[in-house]
There are 2 protein chains.
Amino acid sequence: MRTYVYDFSEGDRTQKDLLGGKGANLAEMTRLGLPVPPGFTITTEACREYLATGSEPATLAGEVNEALARLEAVAGRSIGEAEDPLLVSVRSGAKFSMPGMMDTVLNVGLNDQSVMGLAAVSTNPRFAWDSYRRLIQMFGKTVMDVDGDLFSDALDEAVEAAGVSGDVELDETSLCELVERFKRIVVEESGDEFPQDPRRQIEMTVRAVFSSWNTERATLYRRRERISDDLGTAVNVCTMVFGNLGGTSGSGVCFTRDPATGTPGAYGDYLSNAQGEDVVAGIRNTLSLDEFRQLDSDSYDELLSNMDLLESHYRDLCDIEFTVERGKLWMLQTRVGKRTASAAFRIAVQLVDEGVITIDEALGRVDGAQLAQLMFPQFDLHTPRTTYTHGMAASPGAAVGRVVFDSATAVQWAERGDKVVLLRKETNPDDLGGMVASEGILTSRGGKTSHAAVVARGLGKTCVCGAAEMHVDAEGRSATANGVTIHEGDVLSINGSTGEVYTGELPVVSSPVFCYLEEGLEVALAHADADDDIETRELILAVDRVLARADEARRLGVRANADKAPDAERARALGAEGVGLCRTEHMFLGDRRVLVERVILANEPHEREEALKDLLPLQRSDFIDLLSEMDGLPCTIRLLDPPLHEFLPDHADLRVRVAVAEATGETDHEAEKLLAAVERLHEANPMLGLRGVRLGLVVPGLFSLQVRAIAEACAQRIQAGGDAQAEIMVPLVGSVVELQLIRDEAEVLIAEIAADTGVPLEIPIGTMIELPRAALTAGRIAETADFFSFGTNDLTQTTWGFSRDDVEAAFFNDYLEKGIFDVSPFETIDVDGVGELVRMASKRGRETHPGLHLGVCGEHGGDPESIHFFDEVGLDYVSCSPFRVPIARLEAGRSSILNR
Amino acid sequence: MRTYVYDFSEGDRTQKDLLGGKGANLAEMTRLGLPVPPGFTITTEACREYLATGSEPATLAGEVNEALARLEAVAGRSIGEAEDPLLVSVRSGAKFSMPGMMDTVLNVGLNDQSVMGLAAVSTNPRFAWDSYRRLIQMFGKTVMDVDGDLFSDALDEAVEAAGVSGDVELDETSLCELVERFKRIVVEESGDEFPQDPRRQIEMTVRAVFSSWNTERATLYRRRERISDDLGTAVNVCTMVFGNLGGTSGSGVCFTRDPATGTPGAYGDYLSNAQGEDVVAGIRNTLSLDEFRQLDSDSYDELLSNMDLLESHYRDLCDIEFTVERGKLWMLQTRVGKRTASAAFRIAVQLVDEGVITIDEALGRVDGAQLAQLMFPQFDLHTPRTTYTHGMAASPGAAVGRVVFDSATAVQWAERGDKVVLLRKETNPDDLGGMVASEGILTSRGGKTSHAAVVARGLGKTCVCGAAEMHVDAEGRSATANGVTIHEGDVLSINGSTGEVYTGELPVVSSPVFCYLEEGLEVALAHADADDDIETRELILAVDRVLARADEARRLGVRANADKAPDAERARALGAEGVGLCRTEHMFLGDRRVLVERVILANEPHEREEALKDLLPLQRSDFIDLLSEMDGLPCTIRLLDPPLHEFLPDHADLRVRVAVAEATGETDHEAEKLLAAVERLHEANPMLGLRGVRLGLVVPGLFSLQVRAIAEACAQRIQAGGDAQAEIMVPLVGSVVELQLIRDEAEVLIAEIAADTGVPLEIPIGTMIELPRAALTAGRIAETADFFSFGTNDLTQTTWGFSRDDVEAAFFNDYLEKGIFDVSPFETIDVDGVGELVRMASKRGRETHPGLHLGVCGEHGGDPESIHFFDEVGLDYVSCSPFRVPIARLEAGRSSILNR
């Protein structure tokens, strides 16, 4: 027969599935001989059976009774006994800690009789009545579903009636009256009496804990955190101990190391004559552990020795709750403690140095999200500040600057030395210059994968986007949110890690870890030493140690998405092993736009050819610069991807220009000419239009120009003694024939250039896999491709049928709330849909072309969870924005070790 | 050892893979004892080996020599013999007849000596020299790659110099000189002499035939017709016989029945003293077979008896070429003959009645494309006509009407009794009323799957679209093409079957087959009998017989896409077994648009609720009408699919209105208000935006309104004694959670309405599978779906990543020419990509939900080739536009029988 109840002395910490996290750790401490108040755990299996059938397992009541009898025997007191009652706490405890579930009911076992006994035994009647009052309040609210406000309102009235300043000052009489009042509330609201039978109290509480597993909030939390609905929760029943029995009692919370900084040594808070909840509530000032020692050195010594034991036993930072009851120390809870990013790195490496864990285990104790946090400057949040508005935390960091409303102004002001924040409704490719010139970008539209967000992350610029309550009046050069209007030149501080935006200037602390990553260990340590900052020194060294191990362990290569030489330079400094994606369209912007316009507006083939010819030396020199920076490493260059009309002005703008000119009796010839071109190229859905390889096949000479520029750049670099490793990537291929046609033409051209220059050229030609059809027919495509690079942004758009420009703001929040997404599929790869295509294409591609090189160059290439997936699928490398290269290195290493 | 050469007497008609079509049929005729001139076939295997290795199989030359020796033995003459040379023809003959390949070289074996012998033996020197001249010309051009114009120019000069009217009048001397001239041309152009050695002539010709397999035109043709590149061609070498040896000689082409009408009895043309090519060239007037009998009754009798033999042997209409050489009949070629659509149906059923084939075989002899042709009215092309322009044949039929440039005018003119043709740049959903009112639609933009084309096919309206050379000036109410300007009210005749557009009115012949399909056998026969039209009577009966068998045999159900009751009525008449897709958005147009605007422009929830409430009775009554028409049959009703902004005016139009008002010192409040709404809803890629289930989840009350209308309509119908079988279909689902959320809400609502009305309601709820992710995760989705309906239009768009609105005109023609597509994937399902997803989703869906009902409601549901694919995959039904229902019935039946 299945056992549903385990005494704390029976379990251990490996049994979290069965006993929940709290129960397993209580059992572990008991097993270690630590002073845990006796108690028992009702298993998650009991919960699951209750949820499945609607009633407790038949044998549960009997087992609980037996366990209670054991508790009573140990305590020498009985539950419900009138003279000296045994009281218990009842707490939920699932495998993973989970908000939204019923938490705790204390003082279970008190009733109208036993409260007298407790008063007598404790020689503290006020304490006894207060405990009873708390039980009825907690029980009424959480078990009997009575509106909690009714109790707190009654409490407030009692405080007022007594003319005291708070409930701690209420005397025994007031508390007695309050108990009666609370009992009446329970009857009135629930229709039932507060149960006097302690066993009934326990039974009802256990059932309430079980049921709370399926509250809406808990269900939603699980969906978001990807916790299975099938786990269920355990329930812990534990003998009550009291920290509020006078000056020799108290409660505390402590950590075996400082969880904020990682500094070694015990760290904690203690509150005399208080229960655990009072410590957390922060009503009174707590004492430090040093002060606790002065108060009660015996308990302190015992606590410290327990902490040492727990840390070496758990081999990690432990978070501990304890109570001293009349001089006797009780351990109430422990778990591996949460910590800040810097503490995580420092503690992990400290434990390696102390011989407690291996460096590989240390790698498991940190993650890319933590490293990302450490790379960005932060606001000094000790400074007072005024919130202006908030949006989505789109690209982390802290930026301060004067607000500008267009890119030209951003560039102009930045050139004269101003720090600026570019504020726009939304950005577009023309804003690139302005974004580069700015400290940060703030938009009122678009989500985490909007243009602003994606480009900002690529540039390492702070960005808050989709600040929807802000109304932007670009023409009027102002923006209004919550009644406050910001004008051009006003200073804003934007926090890209939280999405908060503040008026005025907040002080910013720069990132020593970023300094280390970009400029190297020596430079970073020198800065720390100059400031005599030992914690920072240790942090830098810790990051260095962990990252070195990650680089050693990882199977996945890490490249960067870099469009120009300066990006490539930065990427290489941050550890990129090549360029995985150079978007040549970014070379067509700015001054060169006029050349592209000539290509588009050409009436005759020779006009187009001439315009293309004028572009050639510019493209070639771009590629020479890029290949120089990445000398000796591969550079995957993607041929032109976006639709041509993106290089022309906006259609509606032109129509307005033409119509306004007409209405005022004039003619705007230029606008009319451009309008004709834009209308010719107009597409209802440009994302699904004439772009990528389609453009290459339809516009004569366009791809050839680019292939020529690449091949000539390689030849020149090689002639100059360099090691140019360009790769040509064809975008948006859906059929092998498309790739074959481009490949055939490119190969002829490359051979010609090799012959002309006398330089042997071997330039691999591959394709993006960014359409479902490409993934489905990857076996055929692989026959003619040297490599695949998964364009998971576009693949996500087509697999789900939504474009990130349009839908993030429109419904992603709704979708996250409704649990349709755990996380935006543009942020972390959708393993079941898009991931399935990646897996299928990898398999089919390698089946027909075993040596096929596989990479990914979508945004997901820099996302920790996605990187683990790509490693598992067997890709050869990920490519991400330069600033995410260290994160990708770390996660690729973690993936190798964790999935070994 | 492999045999590469087969005498005609060795093969048979089953060996088309090895001997090619022509060779296999020559062998078959030889085997039947018909008088075929002796000859042999070089196999496709020899060709394949030549193409793979660059040289003929080592044993080929020897085998050819042996075969020639056998020919010589039979003929009693030798090849190259000076006195009485044996001449041969060399012809290509692949498995499938294929333009672009080298065709024929006649008179091989002639040279400077043997031409004299031929002159002597034939007693016709002019004939001999003309034969030699022809050999050098054909050989020079096709085998030695000399520009053919050089020969024809020289021939023209000789005609001029001789002062005669044509080459048939050139005398022996002139022809002698021409032979010399031709030989000089060959040397000058190719650098080589015309080969005098007959064996070398044969060898070179065979090699040229082999090589012609890979000409660009042949390759492209194969790609389009989906013929494998691996087949190769055979080569037929055949003893020459001459129809041009005087009055007792001649050549002819004949059919065993009339291929134009299907009327039984031999049918053909004969030309005295002529070669086969002269018959086809139509230089002289041919004789009928009756006239041939009067000329040469022996040959005629023998031919007729041969024709009977061939038809009963091939069990089908045969197409025959023959020559009479000095009174002796020779059979030169036969094959199963091509025929018109009406001949196909009539002949198939005639053969059944004659006991030659079974009715199932008859079903294999006709197809949906033929039936489609028969369903549409046609222009009487005997009438003289003036072409105005041409575009894509988007929806077949012949339409005549006065041109109008907007829908309102179309409706107005049609109401007063005018027949109109709606001429627009392109159409949009607002044009629906105008399209309904028009005889036909002509657009200057968009391809075969543009809005105009799709809606026209749905409505059964004639449509020519993408007439790109036509410039439309809608404001000026005129359209200009090729210098001709059409004004509003002018009459155009448009041919939707060919894409031709004519000025003025062409007489139209209505379709008796369509009359039969819609109004039934009796009505159609009565019309035919009234006209005393026996051929039409036979055609109607033939279609009826074949279609009845198809209905009996098919496994696939056939439903129709019908949005309103009149569509459903027509669909049911044409044999639809339910509605597979009712697009409720079409119910939101016209007058109701203002209600939708209220939904969109609502500032407060209660405003939206009120607007939705006003829509409820309208929707409900639409559904009641639809369910009445389809009483007893399933009606799948799709919840609102398109983005809301489609119901508002165009963004650029509004911006122009606002700007022009401002520029002229006024304010257009209405435009400003609408503009704000449009901008709020504006999407860069509406196809990938907030639509379908996303809209249903985000806009409160929208889907509930529709579900309520459906459920209430069902309840009312059932209360009234009807048999309402509505099914609710959720569009654009990508995740099972989306469907589950809608389903949960709908089930509650339906149960409520069932309870309120006391009518038990069982309304299946299913989903479109129109996103790759839906197909990939179909296993999960099936757990919560009663049915899947594949939306292959959208699935094609997302799988390929192109929207049909944008790309068809932009690059589909290029793609077809380059062989990337065989056919537009919007027309016939892309089996390798989109089809793979359909297959996968069907399999995965049925794995988790074995009873899952599967259908397709995209355009492909009415496409013959696609229907066979859907049958093979195991779908339960296809749904197509009402007018394609008979075609789908026929093809579903054919698929059952052909794939049995």
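Modeller: One definition comes before the rest: helices here are DSSP runs of H or I, at least four residues long, numbered from the N terminus. Also, this is a predicted model.

Biologist: Which helix holds both A:D130 and A:R133?

Modeller: The side chains of these two residues, A:D130 and A:R133, meet in a salt bridge at 2.9 Å, N to O. They sit three residues apart, about one turn of the helix. An α-helix has 3.6 residues a turn, so residues three or four places apart point the same way. The helix that holds both is α5 (residues 125-143) of chain A.

Biologist: Is A:R133 buried or exposed?

Modeller: The cut-off for buried is under 20% relative accessible area. A:R133 has 4%, so A:R133 is buried.

Biologist: How many residues apart in sequence are the parts that A:K95 and A:D17 tie together?

Modeller: The side chains of A:K95 and A:D17 form a salt bridge at 2.6 Å, N to O. A:K95 lies in the loop between β3 (88-94) and β4 (104-108) of chain A, and A:D17 in helix α1 (residues 16-31), so the parts they tie together are apart in sequence by 78 residues.

Biologist: What does the pair A:E836 and B:R844 join?

Modeller: Their side chains meet in a salt bridge, 2.8 Å from N to O. A:E836 lies in helix α34 (residues 834-848) of chain A, and B:R844 in helix α34 (residues 834-848) of chain B, so the pair joins two chains. A:E836 is partly exposed at 22%. B:R844 is partly exposed too, at 24%.

Biologist: How many salt bridges does the rule find across the interface of chain A and chain B?

Modeller: Another salt bridge pairs A:D830 with B:R773, at 2.6 Å, N to O. The whole structure, over all chains, has 124 salt bridges. Across the interface of chain A and chain B, the rule finds eight.

Biologist: Which element gives the largest share of the side of chain A that touches chain B?

Modeller: The interface also has 18 residue pairs in polar contact, both residues at pLDDT 80 or more. Elements that give two or more residues to the chain A side include α25 (651-663), α29 (736-757) and α33 (804-817). The largest share is eight residues, and it comes from α25(A).

Biologist: How many of the residues on that side of chain A are nonpolar?

Modeller: Chain A gives 58 residues to the contact, and chain B gives 58 residues. On the side of chain A that touches chain B, 16 are charged, 15 polar and 27 nonpolar.

Biologist: What is the area buried between chain A and chain B?

Modeller: The size of an interface is often given as the accessible area lost when the parts come together. Here carbon and sulfur atoms give 61% of the area buried between chain A and chain B, which is about 4,700 Å².

Biologist: Which residue just after α19(B) takes a positive phi?

Modeller: In helix α19 (residues 512-519) of chain B, the buried residues include B:F514 and B:L517. The buried residues of α19(B) pack against several helices of chain B, among them α15 (368-375) and α36 (885-898). Just after α19(B), a positive phi of about 100° is taken by B:G520.

Methods. Residues numbered from 1 in each chain as written. Chains lettered and ligands numbered in written order. Predicted model: local features only at pLDDT ≥ 70, side-chain atom pairs only at ≥ 80, totals over all residues. Heavy atoms only, no water. Salt bridge = Lys/Arg side-chain N within 4 Å of Asp/Glu carboxyl O. Buried < 20%, exposed > 50% of the residue type's maximum accessible area, 1.4 Å probe, protein only. Contact = heavy atoms within 4.5 Å. Buried area = accessible area lost by both parts, 1.4 Å probe. Polar contact = N/O pair within 3.5 Å; in protein donor to acceptor, adjacent residues only side chain to side chain. Nonpolar A, V, L, I, M, F, W, Y, C, P; charged D, E, K, R; others polar.
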